[in-house]
Amino acid sequence: MSVPSATSDFQAVSDLLAGIRRRIRTFVWAEAVLLALALVGVVFWGGLALDWMFEPSPRVRLAAHVALIMAVLVILIWWGLRRWMVSLTDRSLALLVERKHPELQDALSVAVDLHATAPHYEGVHPELAERTIRQANQVAANLDTEDLLNQLRINRFALLVGALALSVVVLAFAKPKVWETYTERLALSPDDWPRSVALSIDGFEPDGQGGYVRKVARNSDVPIVVGASLVDGLKSPERVTIRYRWREGRRGKDDLIRIGDSEAGRDKVQRFEYLFERIAGDVEFEVRGGDDRLRNLRLEVVERPKVTKLEFNCVYPDYLERANRTLAAGPRVELPEGTKIVAVGEANKPLAEVRWRQIVQQQEGPERVASTTPAFESQLAVGSHDVELEVELLDKDGIASAEPFRVTLVARKDEMPQVLANRRGIGTSVTAGAMLPVELELLDDNAIESAWLDMKHGEVVLPKVEVPLAASTRGEAIAVATVDLRELTKAHPNEPMYAFAPGGQVTILASANDKFDLAESSRTTTARPLTFQIVTEDELMAQLAGNEQNLRQTFEAVADKLLLLYDSLEKLEQEVGTGTAAKVRDDDLLVVDTPGEEVAEEATTEEPEDDANDAGRVARDAVRLAETARQIGDEVLGVAGGFEDIHVQLFNNRIENSELSDRIGNRIAAPLRRLGDERMGAVANALTAISTGQTTALAKAEMRQAILEVEGLLREMQGLENYNEVIAMLREIIRQQEQINTKTQDQQKSELKNLLLD
């Protein structure tokens with residue numbers, strides 16, 4: 001039995017399946033290409049819209065180009081190459097045809113399977129297999145497979161691509177400027193789209209992320225100023241809006257306010273303004289006006305710079321002789337005139353510059369001086385006027401401090417020295433050979449440089465006498481300088497200006513200057529002049545005797561007060577002993593008026609007359625008597641000082657009388673000082689003890705002793721007066737004898753002259 005040829009019988013089926021395979025592969029590539037072209041067209045129009053609205057940079061556009069190319073490649077690979085490479089077997093294609101033509105009843109797929117096993121046809125009768133193949137071949141030769149693939153889908157893609165291509169062509173011919181601008185921007189041209197409105201905004205800088213940022217101070221009012229250009233045919237929009245979004249997500253929209261009414265040809269810009277009030281957080285916004293947009297704008301809130309520390313490194317002038325020091329700045333800083341300052345401060349953030357303003361308060365009006373330093377440091381100087389210093393900070397973001405840091409630099413002017421000159425142990429009348437001690441009280445706010453005495457003998461000016469000052473002398477000093485008339489006469493025996501004689505006058509002017517050296521004017525201060533009249537010893541002794549008599553009379557009055565005080569003590573003792581202290585009147589007691597006495601008396605008169613507190617009355621009276629005793633002691637010390645002054649004057653005037661000097665110094669002045677200082681102090685203490693319940697015995701004993709000392713001093717003073725009278729009589733006798741001798745000598749000379757002439 002012969003084997004039939006399966007190749008010729010299967011040719012029609014094989015050609016049919018091969019044709020379907022080619023159509024499917026073509027369909028796959030056509031669909032992928034059309035899809036890629038559709039994507040390019042959509043991106044073309046979408047990019048046109050986005051590019052017109054946002055005008056991305058060339059770098060962003062290049063990235064978009066790369067993304068589009070990648071997308072096209074993905075489509076061609078995924079929708080084209082990947083599907084094209086899928087294996088399309090005859091059986092799968094036969095099943096595809098049978099699914100579309102169910103009337104074939106699997107004849108085509110069975111024929112494909114049988115042909116695959118030819119010529120043996122394992123498990124199938126050869127004749128039956130060949131007949132099945134021939135039948136399938138006949139069917140395949142007449143089978144219509146045009147509607148096997150979804151041609152409508154690819155037609156739609158083709159229609160979409162055609163429409164997109166046509167729209168591009170229409171755009172190129174209808175809007176050549178748009179086409180030209182867009183194609184140039186597709187070629188990464190940096191030129192922007194031509195617009196009828198061109199908006200601009202000031203104060204913003206690129207943030208490195210495609211946007212613009214402006215740093216503002218927290219809680220400040222931030223104006224947003226937008227300008228619409230009116231040059232080169234541009235026009236101003238009727239309305240400019242702002243859309244903003246706060247960091248926390250809150251959004252808002254508002255219109256900007258038109259500032260003025262600008263006109264093209266006259267003005268260059270139409271301004272619009274919007275105000276963010278007391279801004280506390282970051283905000284992003286965009287501005288729209290006409291066909292222009294300003295996007296990716298951001299206000300970043302930062303803290304204002306402020307002064308956290310300001311110190312003055314003070315370099316004091318030489319005249320102060322003071323070490324340099326650092327002072328903390330406060331609202332008011334007082335510094336000596338001439339101080340140089342280096343102001344050094346710290347802030348809460350890095351600074352770009354520090355602005356210093358000085359307002360010098362001068363008599364003719366304030367003088368303003370401004371300077372700027374990159375660091376928080378500046379050199380200043382304190383003159384003779386106060387300075388209002390203002391420090392304003394500017395940080396690296398251009399944010400200024402909320403208000404200037406103000407410091408008042410008060411110039412402490414150097415005062416002129418004060419000089420007070422007093423006679424010390426000398427009076428206004430002196431002998432020709434006297435020593436003239438002058439006590440100088442010097443006072444200066446900083447330091448005394450030198451002191452001296454200027455002298456005049458009559459109208460003749462004598463050389464000045466330097467006053468030695470202690471090395472440690474600064475702002476206050478007491479110095480004593482002595483002008484010795486006798487020594488001056490000895491040192492200049494042949495100079496008339498030093499011939500001091502009774503009837504002449506010596507004037508001493510004490511002067512001093514300080515160490516202030518910043519002014520050309522004189523820094524010398526002169527005390528009131530001290531005038532000394534030169535008298536004879538007799539005239540001086542007569543004046544001192546008058547002083548002694550006045551002091552004795554004063555002391556006699558003090559003695560009377562002491563006796564009255566003793567009587568008051570006895571009355572107080574008597575009333576205490578009889579228990580009738582409550583009836584003692586103030587008139588019965590010796591009370592010397594003291595400050596506040598009237599108030600005490602008024603308080604006493606307000607007490608009830610029937611006050612039964614005897615002990616309290618005794619205590620008050622004892623205290624008042626003690627106060628009187630102290631005042632008597634002070635008066636005694638005053639008298640003692642007067643006698644001591646007479647004693648010193650005797651010495652300084654070189655009165656050679658040891659008896660008189662001893663009597664005044666050792667027998668009157670010294671006992672008087674002991675009486676006023678020690679004895680009357682003991683009396684006052686004893687009287688005070690009575691107020692605490694002590695008896696009057698000690699007080700009476702001390703007072704009796706004081707009275708005895710007073711009586712002894714009065715006798716000594718009386719003796720001194722008698723002594724002075726005797727001395728005065730002797731001086732008068734001597735003076736008269738000298739006058740007689742002078743007249744006798746003159747008469748003898750006259751007689752001798754007449755005798756010679758005869």
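This text walks through a predicted model, from the whole chain down to single residues.

Start with the chain as a whole. The protein chain has 758 residues, and 39% of them count as buried. Its secondary structure comes to 14 helices and 28 strands.

Now turn to a pair of helices. Helix α7 covers residues 151–174, and helix α8 covers residues 176–186. Their axes come within 5 Å and cross at roughly 110 degrees. That angle makes α7 roughly perpendicular to α8, because values from 65 to 115 degrees fall in that class. On the α7 side, the contact involves V168, L171, A172, F173 and A174. On the α8 side, P176, V178 and W179 take part. By class, the contact has 8 nonpolar residues, no polar ones and no charged ones.

Which residues of α8 are buried? They are T181, Y182 and R185. These residues cover an arc of only 95 degrees around the axis, so they sit on the same side of α8. An α-helix has 3.6 residues a turn, so residues three or four places apart point the same way.

Take T181 in α8 as an example. Its relative accessible area is 13%. T181 is therefore buried, since the cut-off is under 20%. Beyond residues up to four places away in sequence, T181 touches D192, W193 and P194. Just after α8, L188 takes a positive phi of about 70 degrees.

Positive phi values also turn up elsewhere in the chain. Most residues other than glycine have a negative phi. D232 is not a glycine, yet its phi is positive, at about 60 degrees. D232 lies in the loop between β4 (220–229) and β5. Its relative accessibility is 78%, so D232 counts as exposed. N296 is another residue other than glycine with a positive phi, near 55 degrees. N296 lies in a strand, β10, which spans residues 292–302. At 51% relative accessibility, N296 counts as exposed. The cut-off for that class is over 50%.

Next, look at strand β5, which runs over residues 240–246 and holds Y244. Is Y244 buried or exposed? Y244 is buried, because its relative accessible area is 15%. Set aside its neighbours within four places in sequence. Y244 is then in contact with R250, R251, G252, K253, Y274, F276, V283, E284 and F285. Y244 and V287 are 43 residues apart along the chain, and their C-alpha atoms are separated by 8.8 Å.

T482 has 43% relative accessibility and so counts as partly exposed. Which residues does T482 touch, not counting residues up to four places away in sequence? They are M435, L436 and P437. T482 and P437 are 45 residues apart along the chain, with 4.1 Å between their C-alpha atoms.

The last stop is helix α14, which covers residues 697–757 and contains M703. M703 counts as buried because its relative accessibility is 0%. Not counting residues up to four places away in sequence, M703 touches L562, L565, Y566, L569, V683 and L687. Y566 is one of these partners.

Notes. Residues are numbered from 1 along each chain as its sequence is written. This is a predicted model: local features need pLDDT of at least 70, side-chain atom pairs count only at pLDDT 80 or more; totals for chains, interfaces and linings use all residues. Side-chain values use heavy atoms; hydrogens and water are left out. Buried means under 20% relative accessible area, exposed over 50%, partly exposed in between (1.4 Å probe, protein chains only). Helices (H or I, at least four residues) and strands (E, at least two) are DSSP runs, numbered from the N terminus. The arc is that of the directions from the helix axis to the C-beta atoms. Axes are lines fitted to C-alpha atoms, for helices over the stretch in contact, and angles run from 0 to 180 degrees between N-to-C directions. Angles under 35 degrees count as roughly parallel, over 145 as roughly antiparallel, 65 to 115 as roughly perpendicular and the rest as oblique. Contact means heavy atoms within 4.5 Å. Ala, Val, Leu, Ile, Met, Phe, Trp, Tyr, Cys and Pro count as nonpolar, Asp, Glu, Lys and Arg as charged, and the others, Gly among them, as polar.
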